[in-house]
Amino acid sequence: MEKLTNKEEEVMHALWRLEKAFVKEVQAELSGQDLHYNTVSTMIRNLEEKGYVGYKAYGKTHQYYPLVSRDVYGKKFMNDATQKFFNSSYKNMVSFFAKEEKISADELREILDMIEKNNK
């Protein structure tokens with residue numbers, strides 16, 4: 001699975017929200033970015049070539065839909081980030097967020113409760 005650019009990820013997030021959409025609908029979902037129709041169309045075609053997006057043709061227009069789920073992509077991204085930045089250690093990753101004050105003690109307790117429930 002090829003890593004996506006930030007813009008491609010934004011298009012995928014729009015498609016995940018919409019589930020299926022024409023280019024104009026994706027463009028509208030990305031409304032705050034002022035992207036031209038042709039730019040969005042090109043990004044979607046690139047995502048299609050990379051195997052992330054499929055389509056159904058209606059004459060000359062195409063309705064696009066994700067072939068890769070948000071969960072599958074998220075797992076791949078998190079696994080890659082954990083390998084690259086935390087030596088494949090989830091403990092190192094969680095400690096990083098704790099040191100950066102991005103996770104609270106209460107949230108860590110919730111995580112521990114989930115782990116303990118899954119191990120029973």
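Predicted model: local features only at pLDDT ≥ 70, side-chain atom pairs only at ≥ 80, totals over all residues.

Q: How many aromatic pairs does a search of the whole structure find?
A: The search finds 6 aromatic pairs.

Q: Why is the pair of Phe22 and Tyr58 called tilted?
A: The ring centres of Phe22 and Tyr58 are 6.0 Å apart and the planes make an angle of 55°. Centres within 6.5 Å qualify as a pair, while planes under 30 degrees apart would be stacked and those over 60 edge-to-face.

Q: What makes Phe22 and Tyr58 a link between distant parts of the chain?
A: Phe22 is in the loop between helix H1 (6-18) and helix H2 (23-29), whereas Tyr58 belongs to strand E1 (residues 53-58). The two residues are 36 residues apart.

Q: Why do Phe22 and Tyr58 count as partly exposed?
A: Buried requires under 20% relative accessible area and exposed requires over 50%. Phe22 has 28% relative accessibility and therefore counts as partly exposed. Tyr58, at 39%, is likewise partly exposed.

Q: How do you know that Tyr55 and Tyr64 form an aromatic pair, and of which kind?
A: Their centres are 6.0 Å apart, and the limit for pairing is 6.5 Å. With 55° between the planes, the pair of Tyr55 and Tyr64 is tilted.

Q: Which residues do ring pairs link into a cluster?
A: The cluster consists of Trp16, Tyr52 and Tyr73.

Q: How do you know that E1 and strand E2 (residues 61-66) pair?
A: At least two bridges are needed for two strands to pair. E1 and E2 share 6 bridges, in the antiparallel sense, and therefore meet the requirement.

Q: What lies between E1 and E2 in the hairpin?
A: The hairpin has 2 residues between the strands, and Gly59 in the turn has a positive phi of about 65°.

Q: Why is the contact of Lys50 with Glu2 called a salt bridge?
A: The closest N and O atoms of Lys50 and Glu2 are 3.6 Å apart. The criterion asks for a distance within 4 Å, so the contact qualifies as a salt bridge. A search of the whole structure finds 7 salt bridges.

Q: What does the pair of Lys50 and Glu2 tie together?
A: Lys50 lies in the loop between helix H3 (37-49) and E1, and Glu2 in the segment before H1, so the pair ties together parts that are 48 residues apart in sequence. Lys50 is partly exposed at 25%, and Glu2 is partly exposed at 46%. Glu2, Glu8 and Lys50 are linked in a network of salt bridges.

Q: What makes Lys7 and Glu10 a salt bridge, and where do they lie?
A: The N to O distance is 3.8 Å, and the cut-off is 4 Å. Both residues lie in helix H1, 3 residues apart, about one turn of the helix.

Q: Which residues make the nonpolar surface patch of about 360 Å²?
A: The patch is made by Ile111, Leu112, Met114 and Ile115. Met114 is placed in helix H6 (residues 105-118). At 52% relative accessibility, Met114 exceeds the 50% limit and therefore counts as exposed.

Methods
Residues numbered from 1 in each chain as written. Heavy atoms only, no water. Helix = DSSP H or I, 4+ residues; strand = E, 2+ residues; numbered from the N terminus. Buried < 20%, exposed > 50% of the residue type's maximum accessible area, 1.4 Å probe, protein only. Patch = residues over 30% accessible without salt bridge, like charges linked within 9 Å, V, L, I, M, F, W, Y side chains within 5 Å. Areas by Shrake-Rupley, 256 points an atom, 1.4 Å probe, with all protein chains shown as cover. Salt bridge = Lys/Arg side-chain N within 4 Å of Asp/Glu carboxyl O.
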